Amino acid sequence: MLDRVRALGQTGINVIVSFGRSGQFLFGVLRGVPKPAVGFPLLVRQIYSVGVLSLAIVVVSGLFIGMVLGLQGYTILSDYGSESAIGQMIALTLVRELGPVVTALLFAGRAGSALTAEIGLMKATEQLSSMEMMGVDPLRRVISPRLWAGFYTMPVLALIFSVVGIWGGMLVGVEWLGVYDGSFWGNMQSSVEFVDDVLNGVIKSVVFGFVCAWIAVYQGYDCVPTSAGISSATTKTVVYSSLAVLGLDFVLTAVMFGNF
Amino acid sequence: MGSSAYISLENVVFSRSGRRIFDGISLDIPRGKVTAIMGPSGTGKTTLLKLIGGQLRPDSGSIRVDGHEVPRLKRTALYALRQKMGMLFQSGALFTDLSVFENVAFPIRVHTNLPEDMIRDIVLMKLEAVGLRGARDLMPSELSGGMTRRVALARSIALDPELIMYDEPFTGQDPIAMGVLVKLIRDLNSSMGLTSVLVSHDVTESLSICHFACIIADGKVIGQGTPEELRAHESERVQQFLQGQPDGPVPFHYPAEDATTDFGLGRKA
Amino acid sequence: MAQRTVEIIVGLFMIAGLAALLFMALQVSGLSPKAAESTYTLYANFNDTGGLTPRGRISMAGVTIGTIDSITLDKKTFQARVKMAIHSDVDNIPADSAAVIRTSGLLGEQYIDVSVGGDMDSLKPGDTFYSTQSAMNLERLISNFASGR
């Protein structure tokens with residue numbers, strides 16, 4: 001019995017310690033801003049591998065999710081004879097929730113796990129250590145561009161996701177099921193507010209991007225440098241990022257749309 | 001001590017996750033010579049190199065490199081000092097996404113503003129020194145183990161360091177590759193006059209190239225001197241290590257409880 | 001891949017992001033490029049605002065002329081006081097006009113409809129609507145009908 005309590009206490013301490021370590025790590029990364037001349041090409045390269053290479057999965061998922069929303073929305077709304085509200089339904093769902101959240105989940109699976117594995121392998125093969133011995137700080141050279149790349153690319157990806165999703169919904173609703181396209185766009189425009197919906201969605205995705213990239217690089221940097229360690233770090237990245245995104249989404253939604 | 005010691009460790013104590021790895025170790029590494037640090041696996045030889053490079057901090061004691069007290073250096077000063085150090089890692093630690101040429105060029109690009117054609121000349125000179133000028137366009141994954149280490153060596157001497165540390169350079173190498181490395185280490189030392197620290201448990205190779213050697217076991221220095229002095233050392237442990245005897249002061253058995261109780265035989269008694 | 005190619009692709013990626021933001025602003029949220037319209041404030045007191053919410057629409061003859069700023073409770077009269085922002089170019093609302101809460105469709109959102117009066121004077125900024133008509137409560141209507149009153 002007492003042992004169980006002790007184990008619980010130990011777990012608690014470990015959790016707090018790892019929070020502290022990751023915070024310290026984040027501080028170390030953010031403090032060391034590389035010189036623009038050196039940092040910019042590195043950042044561009046990371047935006048390419050983190051953002052551009054995730055584009056395909058984001059676009060395809062966005063298209064299908066938008067089309068499914070169109071179909072489902074139509075069947076539900078046509079019961080009330082208000083299928084013209086389909087545009088507003090699709091746009092609000094995508095812009096407020098699905099855009100940022102699904103993009104973040106895809107990002108964690110596609111780019112986050114790759115970041116963790118890459119950094120973990122660099123650690124296991126002593127590349128980070130040798131960089132340090134060459135007088136190059138791996139936090140600045142390796143970690144920082146990856147963190148910022150996640151921060152910059154997530155809102156872009158989420159916006160593209162939403163736009164493609166709305167287009168997919170229009171494809172189904174207007175082109176296929178025959179909703180009048182004037183009321184499709186008109187209803188959408190009268191109910192979607194730029195600041196309250198679109199910008200709040202962008203803020204959400206900025207937060208998610210930062211958190212996902214932070215978790216991914218921290219797990220990579222902190223992993224046990226063995227093959228088992230890297231694989232468990234990669235799993236942790238995906239699990240923790242997904243949980244963090246969903247939890248934070250609730251908090252952010254409550255703050256932004258909660259009306260209290 | 002005096003000016004002849006490039007690195008000097010005094011009473012260094014270091015422990016990791018509750019285990020004491022160094023228990024008051026003192027060591028002088030002379031300037032411009034090859035010093036071998038030998039010892040059984042797991043005695044923290046690599047840790048010693050990391051302490052010298054400032055990647056780890058000791059619990060107590062002093063580590064001086066070229067007059068600088070490493071554990072007390074500020075970040076920028078430490079990074080500046082590291083530019084005078086080269087380190088050859090056990091695995092080579094080449095950057096897998098860069099070609100051989102770019103790997104060697106990396107430290108030059110980061111620390112200097114030399115024009116591209118000068119970087120090219122320097123890199124090719126360094127690759128020539130290790131006999132791999134023709135392999136400049138290969139990727140690290142296309143290299144053999146011995147070649148990887150030679151490229152890594154070229155990279156660690158790219159900035160003409162004063163000190164170079166070799167971490168287990170001979171492990172897992174075939175006799176030819178080993179011979180090449182032995183020759184390279186000796187040539188680099190004599191032609192560039194750099195201080196070399198060699199961590200290894202390959203007794204024959206190490207003793208054949210070093211000017212000084214020291215043997216570490218159980219967190220202490222158990223013997224040091226020139227190779228001849230060590231061969232004539234009276235300590236049993238030094239002799240056991242040098243001659244590779246399976247049993248002796250360092251026991252064959254890992255500490256365990258009495259065998260009869262462990263096998264469940266002595267319980268009735 | 002050459003650094004130049006990577007930079008070009010990343011540039012295109014960023015442009016795609018900006019284009020998406022622009023699409024969101026113009027096509028999805030219907031944000032018009034012209035500056036936010038200047039408005040003036042009017043008030044109206046209601047016995048029951050029903051499901052009226054801030055940001056709701058105010059219309060006249062079906063044309064949107066403003067939005068609801070806030071809805072507060074007047075502690076003296078126990079009425080709801082609605083603060084409205086009316087577009088400045090609609091500056092000739094007759095003083096005896098009525099503010100009526102209506103529902104768009106059977107289940108749609110509620111909005112305020114201004115039914116035009118005939119007075120020659122018009123409401124000035126800060127004025128309060130003289131006559132109002134509260135939200136039509138469907139449940140109350142049905143129960144009134146059922147009990148025959």
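# Three chains, two interfaces

Chain B and chain C do not touch, and their nearest C-alpha atoms sit 11 Å apart. Keep in mind that this is a predicted model, so local features need pLDDT of at least 70 and side-chain atom pairs count only at pLDDT 80 or more, while totals for chains, interfaces and linings use all residues. Residues are numbered from 1 along each chain as its sequence is written, chains are lettered from A and ligands numbered from 1 in the order in which they are written, and side-chain values use heavy atoms, with hydrogens and water left out.

**Chain A on its own**

- Chain A has 9 helices and 0 strands; here helices (H or I, at least four residues) and strands (E, at least two) are DSSP runs, numbered from the N terminus.
- Read from the N terminus on, the elements of chain A go α-α-α-α-α-α-α-α-α.
- The C-alpha atoms of chain A fill a box of roughly 65 × 60 × 35 Å, taken along the principal axes.

**Two helices that cross in chain A**

- Two packed helices are described by the angle between their axes and the distance between the axes.
- The axes of helix H1 (residues 2-31) and helix H6 (residues 138-176), both of chain A, come within 9 Å and cross at roughly 100 degrees.
- Those axes are lines fitted to C-alpha atoms, for helices over the stretch in contact, with angles running from 0 to 180 degrees between N-to-C directions.
- H1(A) and H6(A) are therefore roughly perpendicular to each other, a label for angles of 65 to 115 degrees (under 35 is roughly parallel, over 145 roughly antiparallel, and the rest oblique).
- Where do they meet? On H1(A) you'll find Phe25(A), Leu26(A), Gly28(A), Val29(A) and Leu30(A), and on H6(A) their partners are Leu139(A), Ile143(A), Ser144(A), Leu147(A) and Trp148(A).
- Sorted by class, this contact of H1(A) with H6(A) has 8 nonpolar, 2 polar and no charged residues. (Ala, Val, Leu, Ile, Met, Phe, Trp, Tyr, Cys and Pro count as nonpolar, Asp, Glu, Lys and Arg as charged, and the others, Gly among them, as polar.)

**Salt bridges**

- Over all chains, a search of the whole structure finds 18 salt bridges, each being a side-chain nitrogen of Lys or Arg within 4 Å of a carboxyl oxygen of Asp or Glu.
- One of them joins Arg96(A) and Asp197(A), whose closest N and O atoms are 2.7 Å apart.
- Arg96(A) lies in helix H4 (residues 86-124) of chain A and Asp197(A) in helix H8 (residues 194-222) of chain A, so this pair ties together parts that are 101 residues apart in sequence.

**Where chain C meets chain A**

- Here 24 residues of chain C are in contact with 31 residues of chain A.
- The buried area is about 2300 Å², and carbon and sulfur atoms give 77% of it; buried area is the accessible area (1.4 Å probe) that two parts lose on being put together, summed over both.
- In chain C, Phe13(C), Met24(C) and Arg55(C) lose the most area to chain A, together 27% of what that side buries.
- Between chain C and chain A there are 0 salt bridges.
- The side of chain C that touches chain A divides into 17 nonpolar, 5 polar and 2 charged residues.

**Where chain B meets chain A**

- Chain B and chain A bury about 1700 Å² between them, with 56% of it on carbon and sulfur atoms.
- The rule finds 1 salt bridge across this interface.
- Asp137(A) forms a salt bridge with Arg75(B), and their closest N and O atoms are 2.6 Å apart.
- Helix H2 (75-82), strand S6 (85-88) and helix H3 (100-111) of chain B each supply at least two residues of the side that touches chain A.
- H3(B) gives the most to that side, with 4 residues.

Notes: Contact = heavy atoms within 4.5 Å.
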